[in-house]
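Open the model in your viewer and keep the selection tool at hand. The tour has a few stops.

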Amino acid sequence: LLRRVLPLAEPGGRPVLVVSHGIAIKCFLRGILGADVAALRRIQLENTSVTEVELVESGSLRGWNLRRVNDTSHLLLAGLQ
């Protein structure tokens with residue numbers, strides 16, 4: 001994901017949608033957070049969950065920021081949870 005997403009993402013640019021397997025998302029999150037490999041076991045992602053990150057260009061939050069992780073509210077809204 002880092003090799004595919006980074007070239008597409010621009011601070012303040014158009015949103016980029018990535019649909020992927022949980023382990024790939026976990027590895028991406030680990031990479032942007034600078035976490036160790038053990039973090040993979042501590043990140044829980046349900047099937048069809050939404051994880052949202054934002055690339056901020058400047059300021060104290062410069063870089064990748066987590067907006068939401070493992071959000072399944074769309075299932076509740078659809079009556080599936």
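Is N70 buried, partly exposed or exposed? Select N70 and show its surface. The residue is partly exposed, because its relative accessible area is 22% and the buried class ends under 20%. This is a predicted model, so read every value as computed from it.

Stay on N70 and turn to the backbone. N70 sits in strand β2, residues 63-71. Its phi is positive, about 60 degrees, although N70 is not a glycine. For context, most residues other than glycine have a negative phi.

Next, select T48. Where is T48 placed? Look in the loop between α3 (39-42) and β1 (50-56). T48 is not a glycine, and its phi is positive too, near 65 degrees. T48 counts as exposed, because its relative accessibility is 53% and the exposed class starts over 50%.

Now switch to aromatic side chains. How many aromatic pairs does a search of the whole structure find? It finds 1. Select F28 and W64 and show both rings. The ring centres of F28 and W64 are 5.4 Å apart. Their planes stand at 80 degrees, so the pair is edge-to-face.

Colour by secondary structure to see what the pair joins. F28 lies in helix α2, residues 22-33, and W64 in strand β2. The pair therefore ties together parts that are 36 residues apart in sequence.

F28 counts as buried, because its relative accessibility is 8% and the cut-off is under 20%.

Notes: Residues are numbered from 1 along each chain as its sequence is written. This is a predicted model: local features need pLDDT of at least 70, side-chain atom pairs count only at pLDDT 80 or more; totals for chains, interfaces and linings use all residues. Side-chain values use heavy atoms; hydrogens and water are left out. Helices (H or I, at least four residues) and strands (E, at least two) are DSSP runs, numbered from the N terminus. Buried means under 20% relative accessible area, exposed over 50%, partly exposed in between (1.4 Å probe, protein chains only). Rings of Phe, Tyr and Trp (its six-membered ring) pair if their centres lie within 6.5 Å; planes under 30 degrees apart count as stacked, over 60 as edge-to-face and the rest as tilted.
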